[in-house]
Amino acid sequence: MIITIDGPAGTGKSSVAQLVAQRLGFDFLDTGAMYRAIGLEALRRQASLEDRRELTFVAQHLRIEFDWEKRPPAVKLNGEVVTHLLRSGEATRAASYVAVVPAIRELLVRQQQQIGRERPNLVTEGRDQGTVVFPKAEFKYYLDARPEERARRRTAQLRARGEIVDPAEILNQILARDQRDREREVGPLAIPRDARIIDTTALSQSDVVERIVAEVKRRG
């Protein structure tokens, strides 16, 4: 069984998907980590984030792997565990440029579909999981929240890691990211036709997890 959880930045997709996977005993695929890993490598190589050909070259000459023995899976970039580096502001910002490159999206979609074949009980989250990557998934969810709430959550997350951030700048970044995600050429952010929409603005993380787990168990 594959469960997809899509939605814009800051809706809690990754944490919710991870907890749902734990509760159901499924594997968890953080597709955003794959884009951030490419972004991290681009930063390390001092590649231009505005140059799509350069970013594509970076993506084609690296190796992203998941250690499925870990819960959640550790992310390896060219054999190095980089999980702890992928949620930084820099890696996240770089990922927003990586994610709009059609050749990179096509590359990662193929990798994600291969993971779906190898790990058949999967909870996967991203922007295009229910629309492009796994259109026949048994359960599809779309999480949303007001931009101001998403910015508040992202600010708290970064401050908890010791980063100094400007809440107004975080909100502007989220709004810009939303626009890029909706307008990109391949796999734009969209609500899957048969997805259940959950507005998380006024819901706790545990509320969202309980809702999804209960429905999957009831209908699955």
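**Packing, pair by pair**

Reply: Angles under 35 degrees count as roughly parallel, over 145 as roughly antiparallel, 65 to 115 as roughly perpendicular, and the rest as oblique. Here the axes of α7 (residues 147–160) and α8 (residues 167–183) cross at roughly 120° and come within 9 Å. Axes are lines fitted to C-alpha atoms, for helices over the stretch in contact, and the angles run from 0 to 180 degrees between N-to-C directions. Helices (H or I, at least four residues) and strands (E, at least two) are DSSP runs numbered from the N terminus.

The model is predicted, so local features need pLDDT of at least 70 and side-chain atom pairs count only at pLDDT 80 or more, while totals for chains, interfaces and linings use all residues. Residues are numbered from 1 along each chain as its sequence is written, and side-chain values use heavy atoms, with hydrogens and water left out.

The crossing of α7 with α8 is right-handed. A crossing is right-handed if the near helix is turned clockwise from the far one by less than a right angle, and left-handed if anticlockwise. From α7 the contact takes P147, E148, R150, A151, R154, T155, L158 and R159, and from α8 it takes P167, I170, L171, I174, L175 and D178. Contact means heavy atoms within 4.5 Å. Sorted by class, these are eight nonpolar, one polar and five charged residues. Ala, Val, Leu, Ile, Met, Phe, Trp, Tyr, Cys and Pro count as nonpolar, Asp, Glu, Lys and Arg as charged, and the others, Gly among them, as polar.

R150 of helix α7 deserves a separate word. R150 is buried, with a relative accessible area of 2%. Buried means under 20% relative accessible area, exposed over 50%, and partly exposed in between (1.4 Å probe, protein chains only). Leaving out residues up to four places away in sequence, R150 touches I174 and D178, along with P8, A9, G10, T11 and A145.

Next come two pairs that share α5. Helices α2 and α5 pack at about 135°, with axes 11 Å apart. That angle makes the pair oblique, and their crossing is right-handed. T31, M34, Y35 and I38 of α2 meet I104, R105, L108, Q111 and Q112 of α5. By class, this contact holds five nonpolar, three polar and one charged residues.

Helices α3 and α5 pack at about 20°, with axes 8 Å apart, and are therefore roughly parallel to each other. On the α3 side the contact uses R52, L55, T56, A59 and Q60, and on the α5 side P102, A103, I104 and L107. These divide into six nonpolar, two polar and one charged.

The nonpolar core brings these elements together. A nonpolar core is a set of buried Ala, Val, Leu, Ile, Met, Phe, Trp, Tyr and Cys residues joined through side-chain atoms within 4.5 Å. The largest one has 37 residues, of which I38, L55, I64 and I104 touch the most other members. At least two residues each come from α2 (31–44), α3 (52–60), β3 (64–67), β4 (74–77), α4 (89–98) and α5 (102–118). Helix α2 gives the most, with seven residues. With residues up to four places away in sequence not counted, I38 touches V58, A59, L62, I64, V98, I104 and L108. There is also a second, separate core of 19 residues, which includes Y141, L143, V213 and V216.

Some backbone details in the loops complete the picture. Most residues other than glycine have a negative phi, and most peptide bonds are trans. Q46, in the loop between α2 and α3, has a positive phi near 60°. Q46 is exposed, with a relative accessible area of 71%. N78 sits in the loop between β4 and β5 (80–81) and has a positive phi of about 55°. At a relative accessible area of 35%, N78 is partly exposed. P72 is in the loop between β3 and β4, and the peptide bond from R71 to P72 is cis, with omega near 0°.
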